[in-house]
Amino acid sequence: MDFIDRLCDSVNSIQNLPINCSLGYLLPTECLVLYPLPGGQVEREFYDGIKDQVLNYEFSMKSQDQQAIQRTLWLIQSHLEELSSLNSDDGSFDFGEIRISNKPYINNEDEQGYYIFILDIQAAITTFPRKDK
């Protein structure tokens, strides 16, 4: 399923986004990352294998500039709140909606003076079984 890839692409399409988003975990230096969180659930499953799901994701940004982090995550949040469509490249999902679980908040400051802020979301999508089974 390519949902997380399309979500990352959508965020990277934001005009004037000061840093590109990548998939994975925080790096030792300034970065903006997106990764899945536990706790997603299937809300409804059909006999043909199609599932309505709610999946949890987190955007995390690390920088020594707190204001830059806040501006960036609020820009992403605004984009996601207005997101009405997201298309799968491989036909593996249909987009429903994005819900903001937690507004951007500070999570940590490390020994090198980097601040880590987080934005949590839930994605409601319909997934389709793989055709190569």
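## Where the two helices meet

In helix α1, residues L7, S10 and V11 meet I76, H79 and L80 of helix α2; contact here means heavy atoms within 4.5 Å. The residues of this contact divide into four nonpolar, two polar and no charged. In this division Ala, Val, Leu, Ile, Met, Phe, Trp, Tyr, Cys and Pro count as nonpolar, Asp, Glu, Lys and Arg as charged, and the others, Gly among them, as polar.

Helix α1 covers residues 3-12 and helix α2 residues 66-82; their axes come within 10 Å and cross at roughly 115°. Axes are lines fitted to C-alpha atoms, for helices over the stretch in contact, and angles run from 0 to 180 degrees between N-to-C directions. The crossing of α1 and α2 is right-handed, a term for a near helix turned clockwise from the far one by less than a right angle, with anticlockwise being left-handed. Helices (H or I, at least four residues) and strands (E, at least two) are DSSP runs, numbered from the N terminus.

## Basis of the model

This is a predicted model, in which local features need pLDDT of at least 70 and side-chain atom pairs count only at pLDDT 80 or more, while totals for chains, interfaces and linings use all residues. Residues are numbered from 1 along each chain as its sequence is written, and side-chain values use heavy atoms, with hydrogens and water left out.

## Salt bridges

The whole structure contains seven salt bridges, each defined as a side-chain nitrogen of Lys or Arg within 4 Å of a carboxyl oxygen of Asp or Glu. One of them joins R6 and D89, with 3.5 Å between the closest N and O atoms. R6 lies in helix α1 and D89 in the loop between α2 and β4 (93-109), so this pair ties together parts that are 83 residues apart in sequence. R6 is buried at 16% relative accessibility, whereas D89 is exposed at 62%. Buried means under 20% relative accessible area, exposed over 50%, and partly exposed in between (1.4 Å probe, protein chains only).

K62 forms a salt bridge with D110, the closest N and O atoms being 3.4 Å apart. K62 belongs to strand β3 (residues 51-63) and D110 to the loop between β4 and β5 (115-127), so the pair links distant parts of the chain, 48 residues apart. Both K62 and D110 are buried. Salt bridges that share partners also join D2, R6, D9 and D89 into one network.

R44 and D52 form a further salt bridge, with their closest N and O atoms 2.8 Å apart. R44 is partly exposed, with a relative accessible area of 49%, and D52 is buried, at 14%.

## Aromatic pairs

There are three aromatic pairs in the structure. Rings of Phe, Tyr and Trp (its six-membered ring) pair if their centres lie within 6.5 Å; planes under 30 degrees apart count as stacked, over 60 as edge-to-face and the rest as tilted. F3 and F93 form an edge-to-face pair, 5.2 Å centre to centre and with 85° between the planes. F3 lies in helix α1 and F93 in strand β4, so the pair ties together parts 90 residues apart in sequence. F3 is buried at 0% relative accessibility, and F93 is buried at 3%.

Y25 and Y35 form a tilted pair, 5.0 Å centre to centre, with 35° between the planes. Y25 is in the loop between β1 (21-23) and β2 (31-45), and Y35 is in strand β2, 10 residues apart. Y25 is exposed, with a relative accessible area of 61%, while Y35 is buried, at 10%. F3 and F93 also belong, with Y57, to one aromatic cluster.
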